Amino acid sequence: MDLIQDLNWRYATKSYSNNKVSEEKLDFILEATNLSASSCGLQPYRIFAIENVELKAKLGNNSFNRQIAQSSHLLVFAAFNSVTTQHVQNLVKLTAEKQDVTVESLTGLFTTMDMYFKSRSNEENKLWAERQTYIALGTALIASANAKVDATPMEGFDSQLFDELLDLKGKDLHSIVILSLGYREEANDYLANASKVRIPVEEMVTKIA
Ligand SMILES: Cc1cc2nc3c(=O)[nH]c(=O)nc-3n(C[C@H](O)[C@H](O)[C@H](O)COP(=O)(O)O)c2cc1C
């Protein structure tokens, strides 16, 4: 049940100290995040892990979230703008490699997936990609708590500014949500010792036997 302890320990940190997250812990969080489930396994998003102080300051310029500039590292989760045949081809090729089968044996899988994404509007595929991105955010939050690294998920940021400064348009991506990483500065954080606010599990969950 250590995981429950980790999840009770974590909170949306409002103030960070100057302590840096080690490369080892950062890589642990990123590796865990890359193991997130995604629909069809397509992983239709990319993550930018920013340590650069000047860039974090610029990104935090228009935001009420001080954590953007204060963080040790800032993870930016960016979703694909569209789902293309190339994305599906890449997945099929990778699957063949990893599972030691031929690409030809995966023709059925390729055709089904390719037809599926083509049957939907670009807007539907874009929203689908954004939903997958939030699953990765959840994994990153859990992994951070497990590594005893403080983290804040944030939607309060200037996505246009992020897209521009990270040249996301040029990569066919758009920023969705961000996660600051670092270490809490308890003295300046009114939430550091606050109790968790959650409805009872019984209210959240309906068990159907
Ligand atoms: C998608 C998402 C966006 C959020 N945006 C912000 C934000 O912009 N700034 C902030 O301080 N907290 C933000 N939060 C943190 C929530 O307010 C916080 O998770 C919630 O109040 C529950 O508290 P806890 O995480 O400390 O348990 C966000 C959380 C999520 C999941």
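Here is a walk through the structure, from the overall fold to a pocket and then to the ligand. Keep in mind that this is a predicted model.

Let's start with the whole chain. The protein has nine helices and four strands. If you follow the sequence from one end to the other, these elements come in the order α-α-β-α-α-β-α-α-α-β-α-β-α. As for overall dimensions, the C-alpha trace covers about 60 × 50 × 30 Å along its principal axes.

H7 runs over residues 122–146. Just past the end of H7 you'll find Lys148, which has a positive phi of about 55°.

Which helices each supply at least two residues of its lining? They are H1 (2–9), H7 and H9 (201–204). The residues that line this pocket include Leu7 and Asn8, Leu141 and Ile142, and Val201 and Met204. Arg10, Lys196, Arg198, Ile199 and Pro200 are part of the lining too. Sorted by class, the lining comes out as seven nonpolar residues, one polar and three charged.

Now for the ligand. It has 13 residues around it, and the closest are Arg10, Ala12, Lys14, Lys196 and Arg198. You've already met Arg10, Lys196 and Arg198 in the pocket lining. The shell around the ligand is made up of five nonpolar, three polar and five charged residues.

What about individual atom pairs? On the backbone side, an N or O atom of Pro153 lies 3.1 Å from a nitrogen atom of the ligand. Glu155 likewise has a backbone N or O atom 3.1 Å from a ligand nitrogen. From a side chain, Gln67 places an N or O atom 3.4 Å from an oxygen atom of the ligand. Taken alone, the ligand would expose 620 Å², and the protein buries 66% of that area.

Terms used:
Residues numbered from 1 in each chain as written. Predicted model: local features only at pLDDT ≥ 70, side-chain atom pairs only at ≥ 80, totals over all residues. Heavy atoms only, no water. 1 Å grid on protein atoms, 1.4 Å probe; cavity = no way out; pocket = protein on both sides within 12 Å on 5 of 7 lines; lining within 4 Å. Nonpolar A, V, L, I, M, F, W, Y, C, P; charged D, E, K, R; others polar. Near = heavy atom within 4 Å. Polar contact = N/O pair within 3.5 Å; in protein donor to acceptor, adjacent residues only side chain to side chain. Areas by Shrake-Rupley, 256 points an atom, 1.4 Å probe, with all protein chains shown as cover.
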